[in-house]
Amino acid sequence: MKFDTAAGPNPIDRLKVVGKPTDRIDGKFKTTGTAPYAYERHDVAPDAAYGYVLGSSIAKGRVRSIDTALARQAPGVIGVVTTLDTPRIERGVMNVAYLFGGDVIQHYHQAIAVVVAETFEQARAASFLVKVDYAPEDGKFDLATEAKTAEPVPADSGEGSGGNGEERIGDFEGAFAQAPVTLDATYRTADESHAMMEPHATVAAWAGDRVTLWTSNQMIGWGHGSLAKMLDLPKEKVRLDAPYVGGGFGGKLFVRADAVLAALAAKATGRPVKVALTRPLIANNTTHRPATIQRVRIGATQDGTITAIAHESTSGNLPDGGPETAVNQTKYLYAGQNRLTAMKLARLDLPEGNAMRAPGEAPGLAVLEVAMDEMAEKLGLDPVAFRIRNDTQVVPTEPDLRFSHRDLVGCLKLGAEKFGWAKRNPKPGQVRDGQWLVGLGMAAAFRDNMVMKSGARVRLGGDGTVTVETDMTDIGTGSYTIIAQTAAEMMGVPLEKVVVRLGDSDFPVSSGSGGQFGANSSTAGVYAACVKLRESIAQKLGFNATDAVFEDGEVRAGNRAIPLAQAASDGELVAEDSIEFGKFSKTQQVSTFGAHFVEVGVDVDTAEVRVRRMLAVCAAGRILNPKSARSQVIGGMVMGTGAALMEELAVDTKRGFFANHDLAGYEVPVHADIPHQEVIFLDETDPMSSPMKAKGVGELGISGIAAAVANAVYNATGIRVREYPITLDKLI
Ligand code: MOS
């Protein structure tokens with residue numbers, strides 16, 4: 001099905017099942033420990049051996065030799081596969097560095113061997129007996145130093161960017177020079193780790209020349225193609241299965257070393273092999289969100305109308321890696337006639353940088369929205385009023401391009417009212433509650449709304465059960481539930497009559513989970529398959545497909561009503577289709593908006609920051625399930641609080657690795673750190689987004705929240721920290 005606009009009514013609009021705050025149907029499996037995650041697939045591979053991955057202890061250079069003789073004699077060892085006896089493996093979708101094979105070391109903890117043994121402990125013990133001789137080379141590890149040599153990013157590069165190099169509108173320098181009120185400030189954001197609960201993990205088993213990988217991955221379609229290429233097999237010889245994924249946040253968008261090494265080790269040993277990456281390997285072997293240095297300049301008239309705005313960002317990456325697209329939202333968020341956005345990329349030899357939840361917008365808004373706060377103060381304007389004054393209904397860089405639906409102002413106004421913003425003292429450092437200095441801060445939220453082609457297969461069984469099959473993943477987001485809701489609505493059956501099967505590469509290719517496109521795109525794909533199934537049911541039962549109403553387990557038209565199941569009484573009916581998004585994206589800009597409000601307390605003696613309460617108001621199209629959507633938004637708010645206050649991969653700039661490579665050294669906040677979180681969704685639909693009229697929220701919640709926290713800390717203390725995370729040493 002080709003989609004251009006869903007202006008007319010459709011069965012989803014009945015909202016009998018869709019739009020309800022339904023509990024997650026996978027919830028009880030996850031909370032009772034019965035959801036089978038990749039590393040726990042004893043059911044499919046009871047005889048699996050354990051692979052332990054050895055990472056390079058240099059950041060750059062070559063491996064001269066690897067001596068495995070002692071390791072091979074160690075108790076329980078079945079085999080060792082090294083990078084020197086493996087030809088270099090091709091890179092998969094979005095891989096920056098090579099994952100395995102050959103003697104070149106591109107970054108610290110690049111995989112150089114996998115030791116396979118009967119138990120995990122035996123494999124780990126034997127890995128210490130592997131002797132590696134390196135020829136190290138000097139590398140570049142410090143962004144601050146290398147920023148001076150950073151190169152401009154070509155206009156068409158950048159992940160999800162659609163053109164993210166230098167972009168100029170009007171005369172920025174001239175307008176900035178003439179503006180009566182100006183701000184010119186430079187900020188830094190830190191390298192961050194996805195730190196998902198479930199590590200990257202895979203069980204691989206060969207049956208003849210066909211390999212199955214039970215793995216933890218967000219994008220089965222990409223992973224399937226990538227692994228076929230990497231293992232040099234036709235796609236039908238490779239199967240991926242990921243029914244449950246314990247978080248990803250972008251770190252599992254692509255194939256990583258666990259999958260490749262499990263497959264190679266299983267082939268070499270003739271046994272199924274399971275591999276999980278250790279926490280140090282997650283930090284240094286996989287990807288991270290790259291640190292940035294960002295400069296923002298804003299010029300405005302005395303009344304607070306922005307006349308000039310510039311946002312420039314520098315980040316680093318390995319050769320072939322892209323920039324952190326931190327200037328993205330600045331092209332869309334505020335009006336202003338004279339504009340400049342630009343990115344530079346420095347060559348670094350650190351582990352590869354790549355997408356992490358709201359890549360671009362999360363660190364970009366963390367900076368832009370602090371700059372807006374600073375500018376509001378210079379203008380003597382309330383920060384909410386300053387943002388409302390500079391709202392726009394057209395894309396400022398392309399005045400002919402309108403937003404399909406944009407209610408940022410609605411978010412700002414409702415949020416201010418509900419949060420009690422009027423009580424904020426605009427003068428910082430004034431409010432005291434016992435030991436705590438109390439401050440309020442806010443920020444706007446923006447995240448682009450991408451859509452992806454997405455397919456599904458739907459079956460109607462003789463007992464009236466509707467089964468949905470798609471390679472879509474549920475990474476803790478609620479995919480099972482919203483897909484079931486969609487099929488139930490479309491087929492007119494209760495939720496209990498729907499079975500959802502996900503994550504298997506034998507199923508139709510979906511959007512996968514990433515870029516907050518998964519919920520809207522994958523349910524739209526299920527919608528398309530259901531439209532087809534409805535047609536064949538109507539035909540079978542002698543109805544005109546356009547007149548037939550599917551409701552209460554029946555198909556009705558005129559004075560006829562027939563049980564749905566009857567259509568499948570002599571055999572299951574199957575339909576498959578996908579949604580493809582057409583030209584609308586060129587005529588309308590579809591984006592998501594929000595406003596964050598935060599109250600913090602800062603201890604007057606220790607400068608410890610505690611978040612006391614938070615509110616997000618989101619304008620993100622139809623909300624398919626307010627309960628799972630709320631969980632996504634508050635999870636994003638917690639994660640962004642980490643970026644604001646604690647999260648930082650500490651770079652060893654001499655040896656080129658992230659030193660705090662576990663969850664003891666890399667601190668993340670949890671929900672218990674934030675006693676009150678509220679989310680309000682504006683009641684809206686966006687017919688330009690998909691037949692579901694929904695958009696994404698999974699990344700909107702993290703977009704802007706770090707700035708709201710930083711602005712609250714400033715309001716509490718009067719100290720403006722321009723370097724994240726705002727640890728207490730920066731406040732004393
Ligand atoms: Mo997201 S960073 O595209 O999983």
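Reply: Ala195 is found in the loop between β10 (181–189) and β11 (201–207). Helices (H or I, at least four residues) and strands (E, at least two) are DSSP runs, numbered from the N terminus. Residues are numbered from 1 along each chain as its sequence is written. The model is predicted: local features need pLDDT of at least 70 and side-chain atom pairs count only at pLDDT 80 or more, whereas totals for chains, interfaces and linings use all residues.

Me: What is the phi value of Ala195?

Reply: Phi of Ala195 is near 50 degrees. The value is positive, and the residue is one other than glycine.

Me: Which peptide bond is cis, and where is Pro725 found?

Reply: The bond from Tyr724 to Pro725 is cis, with omega near -5 degrees. Pro725 belongs to the segment after α16.

Me: How many helices and strands does the protein chain have, and why is it called as compact as a globular protein of its length?

Reply: The chain contains 16 helices and 34 strands. Its radius of gyration is 26 Å, close to the 27 Å that the globule rule gives for 732 residues, so the chain is as compact as a globular protein of that length. The radius is taken over C-alpha atoms, and the rule is 2.2 Å times the number of residues to the power 0.38. Along the principal axes, the C-alpha trace spans about 80 × 75 × 50 Å.

Me: What does the domain assignment give, and how far apart do the C-alpha centres of domain 1 and domain 3 lie?

Reply: The assignment gives domain 1 (2–35 + 451–585), domain 2 (38–138 + 200–277) and domain 3 (146–192 + 289–449 + 590–730); such bounds come from an automatic or database assignment. The centres of domain 1 and domain 3 lie 36 Å apart. Their contact takes 31 residues from domain 1 and 25 residues from domain 3, where two residues are in contact if their C-beta atoms, placed from the backbone, lie within 7 Å.

Me: Which elements give two or more residues to the side of domain 1 that touches domain 3?

Reply: They are α12 (479–491), α13 (518–541) and α14 (584–587). Of these, α13 gives the most, with six residues. That side of domain 1 divides into 14 nonpolar, 14 polar and three charged residues; Ala, Val, Leu, Ile, Met, Phe, Trp, Tyr, Cys and Pro count as nonpolar, Asp, Glu, Lys and Arg as charged, and the others, Gly among them, as polar.

Me: What makes α12 roughly parallel to α13?

Reply: The axes of α12 and α13 come within 9 Å and cross at roughly 30 degrees. That angle makes the pair roughly parallel, because angles under 35 degrees count as roughly parallel, over 145 as roughly antiparallel, 65 to 115 as roughly perpendicular and the rest as oblique. Axes are lines fitted to C-alpha atoms, for helices over the stretch in contact, and angles run from 0 to 180 degrees between N-to-C directions.

Me: Why is α15 called oblique to α16?

Reply: Helix α15 (residues 626–645) packs on helix α16 (residues 705–717) at about 55 degrees, with the axes 7 Å apart. With that angle, α15 is oblique to α16. Its residues at the contact, including Gly636 and Gly640, meet Ile705, Ala706, Val709 and Ala710 in α16. By class, the contact of α15 with α16 has eight nonpolar, three polar and no charged residues.
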